[in-house]
Amino acid sequence: AGMGFEYFYGFNSGETNQWQPDLYRNTTRIYPYVGNPNYNLTTDMADEAISYLNQLNELDPKKPFLLYYAPGGTHAPHHPTPEWIEKFKGKFGLGWNALRDQIFANQKKLGVIPQDAELTPWPSDILKNWDDLNLVEKKLFERQMEVYAAYLAYTDHEIGRVVQAVEDMGKLDNTLIIYISGDNGGSAEGSPVGTPNEMTFFNGVEVPVAEQLKFYEKWGSQYTYPHMAVGWTWAMSTPYKWTKQIPSYFGGIRNGMAIAWPGHITDAGGIRNQFHHVIDIVPTILE
């Protein structure tokens, strides 16, 4: 019944509110956020994964385990905690054009794209250049990106806690970790100006910047279900063009994957340039 899994904790839908999630323990609907104002699923899911791994380890330390752990970040809605948003305040004043150049340079430095790769041109016919925006637009859009970056860093931190739990058990050297940067990459549901509630996009409604500013302080909180302006999404799809919705150009479609198996993989930090696909994962584990 559990698709081969003995235990399930999480959400079945393509996305969920991280503050008040659509949450199940096995097949039972649960509501741990009720009466718990600081609750966030991103932390809860890591806590649950850690506690389950510890339980398995205590029952039989020799028994191998398989944990499929898939947090909601950074799929919409972007719901990090206020502490994480604070860390990114003022970090995106450079704007999406310059951020794209910075990412491109970093990718070359890391060796994940060829040294002679060329950056695809900015689509100024459909998306404004950052320097052509007014101050109000810049203020709102910066906030959208701060919240998105906070959500990514927050999720990454919680994943780190789960990996740390494996290390604390003394099992990290013999644990194969497959980290897939999930639900595709940069996604364009935000519309050219972003939205405090992603459902507006699905109903063909664009929320004016002035209206969105009413949610400025609350952006990312339980009072929003937000997504960012497509300018940021395009920058997040560097070096390619387009975004997750347009598969033919790789933007937001070709994603990173990292594999660690400390006791077995000898070229730690090695780079593979060939394509992998999610259908490769299970055969690899079985082999």
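Helices (H or I, at least four residues) and strands (E, at least two) are DSSP runs, numbered from the N terminus. By this assignment the protein has 8 helices and 5 strands. The model is predicted: local features need pLDDT of at least 70, side-chain atom pairs count only at pLDDT 80 or more, and totals for chains, interfaces and linings use all residues. Residues are numbered from 1 along each chain as its sequence is written, and side-chain values use heavy atoms, with hydrogens and water left out.

**Overall architecture**

- The order of elements from the N terminus is β-β-β-α-α-α-α-β-α-α-α-β-α.
- For 287 residues, a compact globule would have a radius of gyration near 19 Å, and the 20 Å of the protein agrees with this; the radius is taken over C-alpha atoms, and the globule rule is 2.2 Å times the number of residues to the power 0.38.
- Along the principal axes, the C-alpha atoms fill a box of roughly 60 × 55 × 35 Å.
- Of the contacts (heavy atoms within 4.5 Å) with a separation of 6 or more, 69% link residues 24 or more positions apart.

**Burial and surface**

- Buried residues make up 41% of the 287 in the protein, where buried means under 20% relative accessible area, exposed over 50%, and partly exposed in between (1.4 Å probe, protein chains only).
- The protein exposes about 16,500 Å², of which carbon and sulfur atoms supply 56%; accessible areas come from the Shrake-Rupley method with a 1.4 Å probe, and for residues only the protein chains shown count as cover.

**Nonpolar cores**

- A nonpolar core is a set of buried Ala, Val, Leu, Ile, Met, Phe, Trp, Tyr and Cys residues joined through side-chain atoms within 4.5 Å.
- The largest such core has 29 residues, and those with the most contacts inside it are Phe88, Phe92, Trp96, Trp130, Phe141, Met145 and Trp232.
- Helices H2 (82–87), H3 (95–110), H4 (135–168) and H7 (230–236) each supply at least two residues of this core, with the largest share, 9 residues, coming from H4.
- Leaving aside residues up to four places away in sequence, Phe141 touches Trp96, Trp130, Leu133, Pro192, Val193, Val209, Ala229 and Trp232.
- Another core, of 19 residues, lies apart from this one and includes Leu23, Tyr33, Met45 and Met169.

- Ile30, in strand S3 (residues 28–30), is buried because its relative accessible area is 16%. Beyond its neighbours within four places in sequence, Ile30 is in contact with Tyr9, Leu23, Tyr24 and Arg25.
- Thr81 lies in the loop between helix H1 (41–59) and H2 and is buried, with a relative accessible area of 9%. Not counting residues up to four places away in sequence, Thr81 touches Trp19, Asn40 and Tyr154.

**Backbone geometry**

- Most residues other than glycine have a negative phi, and most peptide bonds are trans.
- Gly73 and Thr74 are joined by a cis peptide bond, with omega about 0°, and Thr74 lies in the loop between H1 and H2.
- The bond from Ala76 to Pro77 is cis, with omega near -5°; Pro77 lies in the loop between H1 and H2.
- Ser191, which is not a glycine, has a positive phi of about 70°. This residue lies in the loop between strand S4 (177–180) and helix H5 (199–202) and is buried at a relative accessible area of 10%.
- Trp242 has a positive phi near 65°, is found in the loop between H7 and strand S5 (257–260), and is partly exposed, with a relative accessible area of 30%.
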